[in-house]
Amino acid sequence: MTLEILAFALAALLMLGGAAVVALTKDLMRLVVGLGAFLLGVAGMFLYYGHAFLATAQVFVYVGGVLVLVVFAVMVVHRANGGRPLVTSQHDIGAAAVAFGVSGMLVMSLRESVGGWLPESGTSGSSIAQELLGGHLVAFELLGVLLLVALVAVLLIVGPGERR
Amino acid sequence: MTLLWGFLWGVAAVATIAGGAILGVWWERKVSARIQMRYGPQQIGPFGSLQMIADVPKLLFKEDIVPALADKAIFKYAPLFVFGPVAVSMVVIPFTAGWAPLNTSVGVLFFLAVPSIEVIAILLSAWASHNTLSTLGGLRATAQMISYEVPRSLAVLAIVLLAGSLRPLDVVAAWRWWWMPLTFVAFVIYFVASIAEMNRGPFDIPEAESELVAGYFADYSGMRWASFMMAEYGAMIAASLFGAALFFGGGWPFGGALGVITLIVKAILIMTAIMWVKWTFPRLRQDQLMSFCWKALTPLALVQLVVVGVVLVWL
């Protein structure tokens, strides 16, 4: 029991600490480290609730994919000899208000809709697959199409400058 | 109690990798020497086997240099996260029929996912060095590691499809000898992609010593450098053990302790093949590397997947 509480506390600490670093630091690379800690904390949280598959997918997709892309973008855009990249912000109070507003909105909308919708113990990979490829197949595939459209659009926007 | 066991397994994994790296370096020196018609280490101990015992204190006592302009905190601790995930990924390897240190229902995915934390650590260490060559090496390493994850996962997926489970123990239990010819292409893809994932020759473009000095770890010295080295050998050991377990049936045809020995022998054979490849082929070019991954390996892996699917329906 105490071990479970310890694991939960560790995951929560990772999430909160990571989020605090992301919100407060100005150094872009420290920010990425904070984001990584936060994402790992979320994976730990999934694990705590028994969703091993989700936790692994979280590490695979978000830490190994999305976070790497963020660092990659920073490194490519910013030259290595130009000092450390900093996040500059001139609207701290406004940004904080927007952040709190959006998170409040999310919490409220999730609280209403989560109750009956979430699959009953989707702890194993196969139950998630049945859920996604069964009842929600159309939504799932549409999401894929949306991502593809976004990718093609990015290629179109970036394209002409890169032509050799 | 569980915590204590977890701690002990952690120590065991690190010790296995450290010991394996020491033996691996010696074995690699011998293998490369044979390939180049030399003797390799032979002065210290029988067949030069004690050479590494002289090398380890050297690494431990070397000066730990941190560049003046480096981002100190990230520079110092990133190597830990290069080595850590490799050690963690070892725990799901099914050493013999019915026994793996960590028996989890998503073990195969775990083995593929956890080392992706290593990518971010490599990028951060490359960035923290504040050095153009390191940054270039880090970018190359990342592009390569992310790309080759695709064919590697697809190749493993062929086996997962046959076994019908992501639990490594189930895969080993369901394994049949005729999977070997059926998934041979998948194994070759896994083998090549694994070499690319661990940034070893002929895929060592990120650390190409003739152009980038040592790439993303050019500024590291002493034990911090050694942790990059251990991560490379650790990845080699882990990939060989996992490949032997999934594609060659673990301890098949034996069970129990004999099965563990069989698995290790198979893994050593795969490791020797990895070394053989490194010392035989010249380094690839960046564009060759990328087109090989996306235009050759990935479609091939998809074809293999379709073949396995057809066989499954036909069975």
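Helices, as the term is used here, are DSSP runs of at least four residues classed H or I, and they are numbered from the N terminus. In the predicted model, helix H5 of chain B, which spans residues 116–128, is followed by B:His130, a residue whose phi is positive, near 55°. H5(B) itself comprises 13 residues and reaches 19 Å from its first C-alpha to its last, a span close to the 18 Å expected at 1.5 Å a residue. The helix is mostly covered, with 13 of its 13 residues buried.

Positive phi values also occur in two loops of chain B. B:Met37, in the loop that links helix H1 (2–35) to helix H2 (51–61), has a phi near 55°, a positive value in a residue other than glycine. With a relative accessibility of 78%, which lies over the 50% cut-off, B:Met37 therefore counts as exposed. B:Asn199, located in the loop between helix H9 (184–197) and helix H10 (209–212), likewise is not a glycine and has a positive phi of about 55°. The relative accessible area of B:Asn199 is 2%, so that this residue is buried.

Two helix pairs of chain B were examined for their packing. Helix H3 (residues 72–89) and helix H11 (residues 222–247) of chain B pack at an angle of about 20°, and their axes are 9 Å apart. Because angles under 35 degrees count as roughly parallel, H3(B) and H11(B) are described as roughly parallel to each other, and their crossing is left-handed. On the side of H3(B), the contact is formed by B:Lys76, B:Pro79, B:Val82, B:Phe83, B:Val86 and B:Ser89. H11(B) contributes B:Arg224, B:Ser227, B:Phe228, B:Met230, B:Ala231, B:Gly234, B:Ala235 and B:Ala238. By class, the residues of this contact divide into 9 nonpolar, 3 polar and 2 charged.

The second pair consists of H6(B) and helix H13 (residues 286–314) of chain B, which pack at an angle of about 10° with their axes 9 Å apart. The angle makes H6(B) roughly parallel to H13(B). The contact of H6(B) with H13(B) has 21 nonpolar, 6 polar and 1 charged residues.

B:Leu166 is partly exposed, its relative accessible area being 23%. When residues up to four places away in sequence are not counted, B:Leu166 touches B:Ser105, B:Val106, B:Gly107, B:Val108, B:Leu109 and B:Val160, together with A:Phe53 of chain A. The C-alpha atom of B:Leu166 is separated by 42 Å from that of B:Ala70, the two residues being 96 apart along the chain.

Chain A contains 6 helices and 0 strands, and its elements run α-α-α-α-α-α from the N terminus on. Of the 164 residues in chain A, 19% are buried. Among contacts in chain A between residues at least 6 apart in sequence, 56% join residues at least 24 apart.

How values were computed:
Residues numbered from 1 in each chain as written. Chains lettered and ligands numbered in written order. Predicted model: local features only at pLDDT ≥ 70, side-chain atom pairs only at ≥ 80, totals over all residues. Heavy atoms only, no water. Axes fitted to C-alpha atoms, helices over the stretch in contact; angles between N-to-C directions. Parallel < 35°, antiparallel > 145°, perpendicular 65-115°, else oblique. Left-handed = near helix turned anticlockwise from the far one by under 90°. Contact = heavy atoms within 4.5 Å. Nonpolar A, V, L, I, M, F, W, Y, C, P; charged D, E, K, R; others polar. Expected span 1.5 Å × (residues − 1). Buried < 20%, exposed > 50% of the residue type's maximum accessible area, 1.4 Å probe, protein only.
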